[in-house]
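Please look at the structure first, then read on.

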Amino acid sequence: MDKENLKLCFVWVNKFRQFENNGFNFSSSEKFKFSILDNVLHLNKINPLPKNFYGKDIIDVTGVIGKNGSGKSNVLELVCKILKGGNTFVKSDFLIIVKSNDKYVCYHNFKHNLLPVVNFIDEILFKEYEKGINPLKVIFFSNVFDERTHLFHKDVSDISNNNRYKKRRQSTLRKKFRTDFEKQIEFIESNLFKNLNIERPKEIQVISKVWTDSRFNGAAIKTIYGEHYENYRIFSSQFRSRLRDIIPEKKFYYLLVFAFFNETLKNLSKYKFAEITIENYLKEFSLEGGFQLKPRTEETIEHLLKWMRILYENLPFITKDKQEKEIKMFKDQVQLLMSLRYPYDSILIDYDSEGMGRGSVEYFVFDYDEMYKRTSLSNFVMLLEDSSMFSINWLGISSGHKAYINIFSLIKSELKWLSRNNLLICIDEGDLYLHPKWQIEFFNKLITIIPQMYHGNVQLLLSSHSPFLLSDLPKQCLTILEFNNELKSTDGIDLRNETFAGNIYKLYSEPFFLGNQRTSDFAKSKIDYIVNQLEKESLNLKDKEFLEHHISLIGDDVIRFYLKNTLKDD
């Protein structure tokens, strides 16, 4: 394992999005300042935090805060882009200062090749920036889902929501990586989960969109079946009618087979094997000369499975490696589908449906613990998440609960095989969607669980709107973004009040720029209205009763007492 200890201290960029000639500090024990105008690099040393303040493996934490639109997310993105492949993603001049084994190193990327003038006595080594900063692993996570694309170097692990859901899967091909749901199961079943002190999920919900999927309708399906389309349409209608009368346990498996039968044809229809096409196979292996149901639905299912198996076994040799791999994946998937034929009678606990006709959606609810004990749950999840006709999720837990499980399971998965000694984790709005109680606990859980996942030096960069994070961080650990006439960053050391274990109201009023406002805008407008009414020269009895009713609803004791006495003295 690489033993070089590395910590990011400072980043300056001449131009990146809304930032111009801006520097950002990420060390709690030293604050750098640089401007391209005078080309002087300043250093202000701060009294370090107590040793192991965040635990022995968390070497430093920075909270990036500011108003909406001030660029908090952009700061974290800049860090990820500039540390790995910076001269590709950042076109302007920039410099990066790290502390390597207690010595400062400044990596610079200047067009004019003029090094900064240093005004401090500490030794600093200047190096021309090449491809990135090493040895360092960088992970980026954003809880925000706004379809925004993050373009990072391949050495940055982007596990944010935007990156994972930016493309809808169109194929039954098995991915080369585990799905989020599989990662969540692995985390829930690990010893780490108990440290979250949250309820273990009890139910899994599978939603079947077999009858609403577009591949069962329109021109695409007609192209696949050709002259057999009408027979297929009748077969599909009869099959659906048959499923209405069977128990949900069997219905679920039959829907699985039927869905993959259609997805298989859709995916193989892109291949043209000489004169052999999907249509030829339909003629050769059709049911009794046409798409007709067997006397028993179970026999129809057997025939569909057999049809798919024979189709793969009779495919001609394919010379292209990619196609060979795809065909193998198809074969493995059918084999997996056949292996899942176990009874659901004691695992399926609920069934429901919504809509009619082509708008019909079916819901199957399974007992999670029973599924985990009695089935190959990873194979089950793999099959469902590879299909566009099914979705799988937890049932009975809140969105915040899911977000909590999601972020820690994703980080755990990224750290599983990491061998580098230095880790930087950038988390943008990590506490988004969380209940206030969980927001209070989030940071403590983060610095407790991550060292159990990874043994090395960990540095955290966090953006948040939550005052609870501020209460966990001393002000020397804060970078504040302000936007007045121009965008600039300041360090938390400039704040009037200490933030660590600070009063939540004071934290809101200063770093979050709320000023002296203590209520929401609507409530403030009502209070202003009452005050204006009380300033009138005379109020009749009806006016007083009207105002008294308003005043009785105010929760702030001081405001309510003042207004009540003003009304009484009127």
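A crossing of two helices is left-handed if the near helix is turned anticlockwise from the far one by less than a right angle, and right-handed if clockwise. Helices (H or I, at least four residues) and strands (E, at least two) are DSSP runs, numbered from the N terminus.

**Basis of the model**

This is a predicted model, in which local features need pLDDT of at least 70 and side-chain atom pairs count only at pLDDT 80 or more, while totals for chains, interfaces and linings use all residues. Residues are numbered from 1 along each chain as its sequence is written, and side-chain values use heavy atoms, with hydrogens and water left out.

**Helices 17 and 18**

Helix 17 passes helix 18 in a left-handed crossing. Axes are lines fitted to C-alpha atoms, for helices over the stretch in contact, and angles run from 0 to 180 degrees between N-to-C directions.

Contact means heavy atoms within 4.5 Å. From helix 17, Lys-526, Tyr-529, Ile-530, Gln-533 and Leu-534 meet Phe-546, Leu-547, His-550 and Ile-551 of helix 18. These residues divide into 6 nonpolar, 2 polar and 1 charged. Here Ala, Val, Leu, Ile, Met, Phe, Trp, Tyr, Cys and Pro count as nonpolar, Asp, Glu, Lys and Arg as charged, and the others, Gly among them, as polar.

**Helices 4 and 13**

Helix 4 (residues 180–188) packs against helix 13 (residues 399–415) at about 90 degrees, with the axes 8 Å apart. That makes helix 4 roughly perpendicular to helix 13, a term for angles of 65 to 115 degrees. The contact of helix 4 with helix 13 has 5 nonpolar, 4 polar and 4 charged residues.

Two strands pair if DSSP finds at least two bridges between them. An open sheet has 4 strands in the order 13-14-12-15, with antiparallel pairing. Strand 13 (348–354) and strand 15 (390–395) are the edges, each pairing on one side only.

Strand 12 (residues 203–208) pairs with strand 14 (residues 361–367) over 6 bridges, and Ile-207 stands opposite Tyr-363 in strand 14. Helix 12 (residues 377–385) lies across strands 12, 14 and 15.

**Strand 1**

In strand 1 (residues 6–16), 9 of the 11 residues are buried, so the strand is largely enclosed by the rest of the structure. Buried means under 20% relative accessible area (1.4 Å probe, protein chains only).

Strand 1 runs antiparallel to strand 6 (residues 94–100), joined by 7 bridges. Strand 1 and strand 2 form a hairpin with 2 residues between them, and Arg-17 in the turn has a positive phi of about 55 degrees.

Note on methods:
Angles under 35 degrees count as roughly parallel, over 145 as roughly antiparallel, 65 to 115 as roughly perpendicular and the rest as oblique. Buried means under 20% relative accessible area, exposed over 50%, partly exposed in between (1.4 Å probe, protein chains only).
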